[in-house]
Amino acid sequence: MKGLKDGKEKTVFIYNVADHKEAYEEVGSQGISYTAGVPPVAAAMLIATGEWDVKRMANVEELPPKPFIAILNRIGLPTRIKDEDGDRPVDFS
């Protein structure tokens, strides 16, 4: 994301990385199986528990990110953030 916060330019990069070798050893597929497959599973878990229940059609960007990122971290797709404070894991657990 790029934009203004408190009148100052700010850039924040939030990302996930999956190791191809580790993914292949676990599921017999490349890292893309994690980066493409795990987020829908995390979303389905939040919908199933009712935590993501907005009673209307919504874009994923409109929904609370913290529980989503916490599940991603827990089920094998750790989330990282890179900004003016450096590159570090995101932990909302």
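**Exercise 1.** Which residue in strand 2 does G3 stand opposite?

*Solution.* This is a predicted model, in which local features need pLDDT of at least 70 and side-chain atom pairs count only at pLDDT 80 or more, while totals for chains, interfaces and linings use all residues. Residues are numbered from 1 along each chain as its sequence is written, and side-chain values use heavy atoms, with hydrogens and water left out. Begin with the elements: helices (H or I, at least four residues) and strands (E, at least two) are DSSP runs, numbered from the N terminus. Strand 1 (residues 2-5) pairs with strand 2 (residues 8-11) in the antiparallel sense over four bridges, where pairing requires that DSSP finds at least two bridges between two strands. Within strand 2, the residue opposite G3 is K10. The hairpin of these strands has two residues between them, and D6 takes a positive phi near 55° there.

**Exercise 2.** Describe how helix 2 and helix 3 cross, and state which residues make the contact.

*Solution.* Two packed helices are described by the angle between their axes and the distance between the axes. For helix 2 (residues 32-49) and helix 3 (residues 65-74), the axes come within 9 Å and cross at roughly 125°; axes here are lines fitted to C-alpha atoms, for helices over the stretch in contact, and angles run from 0 to 180 degrees between N-to-C directions. Helix 2 is therefore oblique to helix 3, since angles under 35 degrees count as roughly parallel, over 145 as roughly antiparallel, 65 to 115 as roughly perpendicular and the rest as oblique. On the helix 2 side, the contact (heavy atoms within 4.5 Å) is made by V38, P39, A42, A43, M45 and L46, and on the helix 3 side by P67, F68, I71, L72 and R74.

**Exercise 3.** Is T79 buried or exposed, and what does T79 touch?

*Solution.* T79 has its place in strand 4. Its relative accessible area is 3%, so T79 is buried, given that buried means under 20% relative accessible area, exposed over 50% and partly exposed in between (1.4 Å probe, protein chains only). Leaving aside residues up to four places away in sequence, T79 touches I14, Y15, N16, I69, L72, N73, P89 and V90. Among these, I69 and L72 are buried in helix 3, and what covers the buried residues of that helix includes strand 3 (13-16), helix 2 and strand 4 (79-83).
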